[in-house]
Amino acid sequence: MVNFLLERTAPLPLHEAWRRLTEWPRHGEVVPLTRVTVVTPPPTQVGTVVVARSGLGPLAFDDRMEVTVWRPPTDTEAGLCRLEKRGRVVRGWAEIEVVPGPGGRSRVVWREELGVRLLPGVFDPLLARAARSVFGRAANRLLRMP
């Protein structure tokens, strides 16, 4: 398992940063070779299941996640979402927190623990760098997309 942390500041109000990061199908628009679907009825809440299918053809796999914490931000309080990864290949969790930043901006803190079944620990440094890069770019793009 690898752990990583991403932090971003966006010139957006809390609610808008939250919306951009938690409209799950949008993640598929910014992560290469990935399609994201929500398999439970809206709106997102505790118990919502999201599946990110990544890869090509027979080399594709599902990253099945369940929302276990869902606290949208208020005008003055941070928002927090926690997803538990429950797939056969990808394990761990992800947290997206949106907190008030300076000058009406939003500060995003993305924490993740990621494990890939059958991937030996010797590959953890490579997995951590790749995940930080992919998810960092995804966060940047999500926050820029209207």
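The legends below describe close-up views of a predicted model.

**View 1. The largest pocket and its lining.** Of the residues that line the largest pocket, the largest share comes from helix H3, which gives 6 residues. The pocket has a volume of about 600 Å³, and its lining is made up of 28 residues, among which Val31, Ser54, Asp63, Val134 and Phe135 lie nearest the centre. Two or more lining residues come from each of the strands S2 (34–38), S3 (49–54), S4 (61–71), S5 (79–86), S6 (90–100) and S7 (106–116), as they also do from helix H3. Sorted by class, the lining holds 22 nonpolar residues, together with 3 polar and 3 charged ones.

**View 2. The crossing of helices H1 and H3.** Two packed helices are described by the angle between their axes and by the distance between those axes. Here the axes of H1 (residues 14–22) and H3 (residues 124–144) come within 8 Å and cross at roughly 125 degrees. Angles of 65 to 115 degrees count as roughly perpendicular and those over 145 as roughly antiparallel, and H1 and H3 are therefore oblique to each other. The crossing in which H1 passes H3 is right-handed.

**View 3. Residues at the contact of H1 with H3.** On the H1 side the contact is made by Ala17, Arg20 and Leu21, which meet Leu142, Leu143 and Arg144 of H3. The residues of this contact comprise 4 nonpolar and 2 charged ones, with no polar residue among them.

View 4. Asp124 lies in helix H3 and, when its neighbours within four places in sequence are left aside, is in contact with Met1 and Val2. Between Asp124 and Pro146 there are 22 residues of separation in sequence, while the distance in space, taken from C-alpha to C-alpha, is 34 Å.

View 5. In the loop between helix H2 (25–30) and S2, Leu33 has a phi near 55 degrees, which is a positive value in a residue other than glycine. Pro43, by contrast, has its place in the loop between S2 and S3, and the peptide bond that joins Pro42 and Pro43 is cis, with omega at about 0 degrees.

Key:
Residues are numbered from 1 along each chain as its sequence is written. This is a predicted model: local features need pLDDT of at least 70, side-chain atom pairs count only at pLDDT 80 or more; totals for chains, interfaces and linings use all residues. Side-chain values use heavy atoms; hydrogens and water are left out. Axes are lines fitted to C-alpha atoms, for helices over the stretch in contact, and angles run from 0 to 180 degrees between N-to-C directions. Helices (H or I, at least four residues) and strands (E, at least two) are DSSP runs, numbered from the N terminus. Angles under 35 degrees count as roughly parallel, over 145 as roughly antiparallel, 65 to 115 as roughly perpendicular and the rest as oblique. A crossing is left-handed if the near helix is turned anticlockwise from the far one by less than a right angle, and right-handed if clockwise. Contact means heavy atoms within 4.5 Å. Ala, Val, Leu, Ile, Met, Phe, Trp, Tyr, Cys and Pro count as nonpolar, Asp, Glu, Lys and Arg as charged, and the others, Gly among them, as polar. On a 1 Å grid over the protein atoms alone, a cavity is a set of points where a 1.4 Å probe fits but cannot get out, and a pocket is an open set with protein on both sides within 12 Å along at least five of seven lines; lining residues have an atom within 4 Å of a point. Grid points are joined across faces, edges and corners, and a volume is the space filled by probe spheres set on the points.
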